[in-house]
Amino acid sequence: EQVVLLQSRLDQREVECDHLRKDLSRAKQENMNLHGTKVGLQSRLTEQDSSLLEMKNELLRLGFVMEQFEADKAELQRKVDEKNKMLTDLRHQLTEKDRQLDEQQAKLDETERKLSQASKAKDNVPTSPVYNGVPNLPPGQELQVVREALRGLRSCFQVNNPQHHTIDTLEQSIATLMERLRFLESQRLLASQKESLANRTKTDSPRTQDVGLSPMPRQRTNGVESNGSTQATKILYFTEKTVTPFMTSISKKLGDITLRDFKEVFDRQGSFRFHFKALDPEFGTVKEEVCQDEDTIPGWEGKIVAWIEEVRP
């Protein structure tokens with residue numbers, strides 16, 4: 001009976017042991033599940049921490065960018081204010097330039113009117129007795145006044161303004177007109193000298209009288225006009241601003257004209273380089289640069305052809 005009792009107790013203990021084993025297995029399984037859940041939650045927490053850190057960094061970067069934008073905005077506003085101030089100053093300068101331009105234009109119109117009157121008076125020299133009442137101005141003074149007025153007018157325009165070509169053409173036309181007027185004046189003086197010489201030689205022999213009244217021979221070559229002892233050499237010169245050449249003349253024969261003589265005709269402010277068409281025995285037709293004022297200018301077929309280049313700083 002005791003064995004049976006012990007056997008039954010043993011069976012009961014084995015059943016309890018099986019239940020405990022099952023509970024242990026279930027507890028281990030739950031522990032493993034809880035451990036996996038813990039690991040997953042830790043990984044998610046780590047990811048959220050990294051995301052939060054990235055968001056903080058992005059927020060900090062955006063703050064820096066916003067500060068940079070604000071600084072750029074302030075700088076741009078300052079530049080806009082400076083530009084507005086410069087624009088106001090330029091408008092004032094433009095108004096002043098317009099006023100100076102109007103004044104120079106009035107002076108130029110007055111000079112043209114005086115030159116027109118002088119030209120009409122000089123053209124009427126042979127027949128009009130009123131010419132003797134016109135006062136004689138010093139030689140070259142009228143042209144110098146015109147050049148000063150044109151120089152003031154030219155300073156009112158920018159360097160690349162097409163009005164420079166019109167001013168250059170006007171200056172060249174006035175210079176040519178003044179050269180013509182001086183030529184007519186010299187002709188008038190020569191005629192008066194001939195007349196006085198003829199009056200003095202009326203009592204002499206007919207042969208001497210014929211010699212005294214004979215007109216002086218006038219010769220013309222390519223680009224050179226001569227009248228007795230007076231010669232004039234034509235000059236063609238090009239500038240950077242114009243395509244059409246300008247023409248003037250110097251009352252000297254070819255070979256005696258120096259760079260200083262040419263600079264007196266080309267009366268401009270600034271620094272320039274002067275090139276002249278010449279014939280080289282080795283290279284043929286070339287543009288020869290002349291630098292010294294005392295150097296003689298080369299000629300081409302009886303005239304002078306020049307190219308003028310402005311030296312800019």
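Figure 1. At 36% relative accessibility, Arg 260 counts as partly exposed (buried means under 20% relative accessible area, exposed over 50%, and partly exposed in between, with a 1.4 Å probe and protein chains only). The model is predicted, so that local features need pLDDT of at least 70 and side-chain atom pairs count only at pLDDT 80 or more, whereas totals for chains, interfaces and linings use all residues. Residues are numbered from 1 along each chain as its sequence is written, and side-chain values use heavy atoms, with hydrogens and water left out. The side chains of Arg 260 and Glu 294 meet in a salt bridge of 3.1 Å, N to O (a side-chain nitrogen of Lys or Arg within 4 Å of a carboxyl oxygen of Asp or Glu). Because Glu 294 lies in the loop between β6 (284-290) and β7 while Arg 260 lies in helix α5, the pair ties together parts that are 34 residues apart in sequence.

**Figure 2. Asp 261 in helix α5.** Asp 261 lies in helix α5 (helices, H or I of at least four residues, and strands, E of at least two, are DSSP runs numbered from the N terminus). With a relative accessible area of 12%, Asp 261 is buried. When residues up to four places away in sequence are not counted, Asp 261 touches Ile 250, Lys 252 and Asp 256 (contact means heavy atoms within 4.5 Å).

**Figure 3. The largest nonpolar core and the surroundings of Phe 262.** The largest nonpolar core has 17 residues, and those with the most contacts inside it are Tyr 237, Phe 262, Phe 266, Phe 274, Phe 276 and Ile 308 (such a core is a set of buried Ala, Val, Leu, Ile, Met, Phe, Trp, Tyr and Cys residues joined through side-chain atoms within 4.5 Å). At least two residues of this core are supplied by each of β3 (230-238), β4 (246-250), α5 (259-265), β5 (272-280) and β7 (304-310). A second, separate core of nine residues includes Leu 108, Leu 115, Val 146 and Met 178. Phe 262 touches Ile 235, Tyr 237, Ile 250, Phe 274, Phe 276, Ile 297, Ala 306 and Ile 308, not counting residues up to four places away in sequence.

Figure 4. Tyr 237, Phe 246, Phe 262, Phe 266, Phe 272, Phe 274 and Phe 276 form one aromatic cluster. Rings of Phe, Tyr and Trp (its six-membered ring) pair if their centres lie within 6.5 Å, and planes under 30 degrees apart count as stacked, over 60 as edge-to-face and the rest as tilted; by this rule the count comes to 10 aromatic pairs. Phe 266 and Phe 272 form an edge-to-face pair, with 5.2 Å from centre to centre and 85 degrees between the planes. Phe 266 is buried, its relative accessible area being 5%. In a further view, the charged end of Lys 287 sits over the ring of Trp 307, 4.3 Å from its centre (NZ of Lys or CZ of Arg within 6 Å of the ring centre and within 35 degrees of the ring normal).

**Figure 5. Further salt bridges.** The count comes to 13 salt bridges. Glu 96 and Arg 99 meet through their side chains in a salt bridge of 2.0 Å, N to O, and both residues lie in helix α1 (residues 2-123), three residues apart, about one turn of the helix. Glu 96 counts as partly exposed at 35% relative accessibility, and Arg 99 counts as partly exposed at 40%. Lys 303 forms a salt bridge with Glu 301, where the closest N and O atoms are 3.9 Å apart; Lys 303 counts as partly exposed at 22% relative accessibility, whereas Glu 301 counts as exposed at 54%. Glu 75, Arg 78 and Glu 82 are linked in a network of salt bridges.

**Figure 6. Glu 179 and the residues that it touches.** Glu 179 has its place in helix α3 (residues 163-200). Glu 179 and Thr 248 are 69 residues apart in sequence and 8.2 Å apart in space, C-alpha to C-alpha. Glu 179 touches Ser 249 and Ser 251, not counting residues up to four places away in sequence.
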